[in-house]
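Please read this briefing with the sequence and the model side by side.

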Amino acid sequence: MAATSEKTLKLWDGKVTAHVKVAGAGPALVYLHSGYGLVWDATLDLLARDFTVYAPEHPGTSANDPDAIKPLDDVWDLVLHYYEMFDQLGLEAPAVMGHSFGGMVAAELAANNPRRVSRLVLVNALGLWRDDAPIANYMVMPEAQLEKLMFADAHNPARKHIFMNLEDPESIIRVTWALGCAGKFSWPIPDKGLRKRTHRIAAPTLIVWGKQDGLTKPVYADEFKRLIPNARIELIDKAAHMTPLEQPAALARAVREFLKP
Amino acid sequence: MKISMFHLMPYRELPADFEKRYQSVWVDPPFWELADPAKVGQYYNWTLDELIYGAKAGMDGICVNEHHQNAYGFMPSPNLMGSVLARATNGLDCAVVQMGATLPTTIPPIRVAEEYGMLDCISGGRLVAGMPLGTPMDANLCYGITPIEHRERYYEAHDLIMKAWKSREIFAWNGKYFKLPMVNLWPRPIQQPHPPVWIPGSGSLSTWDFAAKHDHCYCFLSYYGNNLGKRVMDGFWEFVDKTGLDPNPYRAGFLQLVVVAETDAKAEREYYPHIRYFYDKCLHILNEYQMVPGNQDYRSLANSVKNLLPMQTDLINSIGNWKYKDFIDNQFVIAGSPATVRDQLMQAVKKLRVGNLMVLLQIGSMPHELTLKNIDLFAREVLPHFRNVWDEDGWENKWWPKALQGKVNADRVAALARSEARAGK
């Protein structure tokens, strides 16, 4: 595992303490995690070889700071709070990559102020809705149903990062609260109007999708491509919704290729 | 004390293998596979008839509540039911207890203040205003309220309703969730400044805090009986003591399942299948739906995962193997002859220190005729023995409609019967 350090920042008029994991060297790459909270996975390790990876924890999901979620009420607050974070990290216009819920946030960052995001990578991103491919409410799905949507191989050992261990109260609390904090900006349907704003995205965009994604089916990759002016798609085989956990090498390679100067 | 009859309005004919074929009784039971609108119409009418029958039999109050997409209780608008009940019970000293319209999902919440005002006016000031937070199933899953905002939205709705009732001037409400430029209720309730407020809860500290802060009646609505209820109510009374409030038993409400027959043996024979139906089918709720992420604030979540959940899970897992005797021994249901029920219910009331008891007399698949019998036996053989509980301590039921203070519905019912007999009806 790459050596990570943590930066603690005071944002939002001092009301939100942000925790950002930082690793690697090279051009800046901001990584926004899924609704399950930050998992420092093999994908981030691989990316840290070529980039300075900044991985903020979604407000409320940092250990011992559940109330950091309280001052931010909607997507607009969340986006502005991230621009403040960029300012404090000295990032004028970093590359931003987001997975699942984090993908939705990344797209919002690139759409609201196109000058703050130089390149955009969306990995199995939430944020859009199609009536012909409704997105299941994964936050309340029994594991036996959810594993089929989330993992191409339901026995993937990485499943332990998102499915809580019912024997371990700390795991139940951590995962449940992380989902609750993501839900603040995505409940009950993860469409908060992003579709109206995607035309503003100026950053060249890579849309990476697990071919077997059962939650946000690959038609959503097509939908993002249709809506974002300068985008291309890369499908990854043997991956469903949890591509960063399922196919780290293929994902990191695609991202490295795309971000090459 | 006061004893009110509660009704859930369950679908009474779910298939025998319901709990094997479907994952939940709530949120996603497919209507067209399971139900028939004509039967539903029959159930609504039976429900109303049973509650009105209870009122005429002498019950102190009659209660309905709100649930959505739920085969064990589907009065999505409790106030539609309450409206019929208020009208049909005029002339009786019976409270109309709405337990009630769910605050955070009624938008704007002054709709609750308006409808409760209507019910209070129609009933001549007999309304008890229940103010439920709503379950995660109802509010988050069926009605789409963002879980992490659920409770905050509830508090705001409550404050808005109370202000709308108390304020004699028109005011603007600039809240976080609700913005109303000119609040000016028509109608106003007969009970001034407002009807008594009851807060249904499931044992969470934040609800105790809330009820105490506003001096409302706290009602622990559980289907798991008074043994488990005692653990929660002991905590509640401890909390009341620490907060410096008086230990007035009317500060607390509790829901208990009760069935009465001529003998203990007959009670088992007649009611056990319906008890089974209730616990097997009506409470067949997907765990994930009850644990919607964000619904509980972080501290309550940590508390329930570490303390409550293990206990509840063990218990719920064991119910499948229970026999009739286990339901009785664990006091999930108080059942038996009038003497048995009187004895056990009296112990329960005393140990919980409850002044405003609610009893569920129609349980699961219980048919109409049997329900009427249960109501009849309860009202004649059990209820009268509870009238003077707490009297010797001199407690006043501040959470009961003013128009009914000092009156007993059963006395009114008896007087009406005598005058009808004299008139030769």
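This is a predicted model: local features need pLDDT of at least 70, side-chain atom pairs count only at pLDDT 80 or more; totals for chains, interfaces and linings use all residues.

Residues are numbered from 1 along each chain as its sequence is written, and chains are lettered from A and ligands numbered from 1 in the order in which they are written.

**Contact between the chains**
- Chain A brings 17 residues into contact with 17 residues of chain B, where contact requires C-beta atoms, placed from the backbone, to lie within 7 Å.
- The side of chain A that touches chain B has 13 nonpolar, three polar and one charged residues, with Ala, Val, Leu, Ile, Met, Phe, Trp, Tyr, Cys and Pro counted as nonpolar, Asp, Glu, Lys and Arg as charged, and the others, Gly among them, as polar.

**Helix 3 of chain A**
- Helix 3 of chain A has 12 residues and reaches 17 Å from its first C-alpha to its last, close to the 16 Å expected at 1.5 Å a residue; the expected span is 1.5 Å times one less than the number of residues, and helices are DSSP runs (H or I, at least four residues), as strands are (E, at least two), numbered from the N terminus.
- Because 11 of its 12 residues are buried, helix 3 of chain A is largely enclosed by the rest of the structure; buried means that 20 or more other C-beta atoms lie within 10 Å of a residue's own, exposed 12 or fewer, and partly exposed in between.
- The cover over these buried residues includes strand 3, helix 2, strand 5, strand 6, helix 5 and helix 6 of chain A.

**Helix 9 of chain B**
- Helix 9 of chain B (residues 225–243) has 19 residues that should span 27 Å at 1.5 Å a residue, and its end C-alpha atoms, 26 Å apart, agree with this.
- The buried residues of helix 9 of chain B are G225(B), N226(B), G229(B), M233(B), F236(B) and V240(B), and they pack against elements including helix 8 and helix 14 of chain B.
- Just after helix 9 of chain B, G244(B) takes a positive phi of about 85 degrees.

**R251(B)**
- R251(B) lies in the loop between helix 9 and strand 9 of chain B, and it counts as buried because it has 25 C-beta neighbours inside 10 Å.
- Not counting residues up to four places away in sequence, R251(B) touches C217(B), Y218(B) and V240(B).
- The C-alpha atoms of R251(B) and N397(B) are separated by 7.9 Å, although the two residues are 146 residues apart along the chain.

Note on methods
Two residues are in contact if their C-beta atoms, placed from the backbone, lie within 7 Å.
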